[in-house]
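User: Hello! Could you help me learn how to read a protein structure?

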Amino acid sequence: MTPHVLPQLPLWVDGDLDAASLAAVEHHLVQCPDCREAAESLRASQNLLREAMVPPFGVSDRERLRRQVMAQVRAETPAKPVRRLLPRAALLAACAASLLLTVFLWRRNPAVIVQHPAAVPNTPRHPQQPPPAVAVRQDSPLHHTLGSLAPLREAPPPLGPARIEFQTADPTIRIIWLAQSKPLSDTTPPSEEKS
Amino acid sequence: MFPGSEAALMDEGLATLPEVPAEDPLTPLIQRILGGELDAFEDLVAQTEARVLALVWRMLGDRHLAEDAAQETYLRVFRSLHTFRLGECFEAWLVRIAMNVCRDLARKRGPLPVPLDAMETLPSDPAPMDAEETTLWNQRRSLVQRALASLPQAERAALVLRDLEGLSTEEVARLLGVRPVTIRSQAASARAKIQAFCARLLQPHGVRP
């Protein structure tokens, strides 16, 4: 007798075996009453499963479902364009406005940084450091017109420590910011910058 | 929930769906819905609701939860119908969405309970039965539902789609985003467990509901 086929029976019962395996299983079932009984039991449980899992919904259940679905769908339909299109349009408009504002301000306000080579002393720790670039100063239009804090844009590329100045509304007060990679204690505070 | 198939279930429409038959009656309905006709959507629901209700009930094992799942399925279909690619099988897309809804609801609900509607009578009994036969039938039905509810989700999905919904192994594998051999293995394991459950409880000396 061929080997028992109990492990293959769950595949055999719903046709999940290839042709060769199917032939081998059916050949064995003819010979083996134990496997045949197991196969019959499996087939009976499959039939029971199909009978027991017939859904309990009738026509009225389906109609109720349809009514509920369509009520929600109709309720959603007018709101759809508002929900979908308005945020997209608003987002696009905001992006365009931001871009235009940035370009406008950039062209109106060519602020620059001012570098003072004299105010940044060469420290003994960096004897090979090249001297700072010659400072070029341009007055911001906003500095004249508004008399307020005028941001200064950094000029490329600073070889030494950067020095950024803001002239406040009070002509006697100027804010000076030194930006460099080493601690500020190594530099001499430029006290002569108060005018 | 569905080992190895989470991504496929989450990404409705990413995996390849079976090609739609040339005479698929749902394609004109879908085109009308996409054109803005709400009545066409009602027709679409009417043509597919029996299958969706059966599927979600078999997956969830609870009548009221199944009705909620079917409703949610159709709402998701309506909201994302514009992403459906005409030329693919709409019912496969629908079944995939329904399976996603079942997975979401099952995750919210937790482990499957013993089916509460096990004692419901069938809407149309094939043959008249006396009271004793009806009771015995309902008890058997309850047992089978309990056996199905005791299966792991992946095996339950494979068994429901393969043996109860009548899909082929390859179709189920495509729907769930796993290999056909996995579906064969899961369905075989589920069949063996159902058989063992039924054999243990349906003894000749009586039924223990």
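Analyst: Let's begin with a location: F104(A) sits in helix 5 (residues 79-108) of chain A. Helices (H or I, at least four residues) and strands (E, at least two) are DSSP runs, numbered from the N terminus. This is a predicted model, where local features need pLDDT of at least 70, side-chain atom pairs count only at pLDDT 80 or more, and totals for chains, interfaces and linings use all residues. Residues are numbered from 1 along each chain as its sequence is written, chains are lettered from A and ligands numbered from 1 in the order in which they are written, and side-chain values use heavy atoms, leaving out hydrogens and water.

User: Why does F104(A) count as partly exposed?

Analyst: Buried means under 20% relative accessible area, exposed over 50%, and partly exposed in between (1.4 Å probe, protein chains only). F104(A) counts as partly exposed because its relative accessibility is 44%.

User: And what about burial in chain B?

Analyst: In general, nonpolar side chains in soluble globular proteins tend to be buried together. Here, 53% of the 209 residues of chain B count as buried.

User: Which residues touch the most other members of the largest nonpolar core?

Analyst: A nonpolar core is a set of buried Ala, Val, Leu, Ile, Met, Phe, Trp, Tyr and Cys residues joined through side-chain atoms within 4.5 Å. The largest one has 71 residues, and F41(B), V56(B) and F90(B) touch the most other members. Apart from that core lies another, of twelve residues, including V13(A) and L17(A).

User: How many helices and strands are in chain B?

Analyst: Chain B has nine helices and two strands, and along the sequence they follow the pattern α-α-α-α-α-α-α-α-α-β-β.
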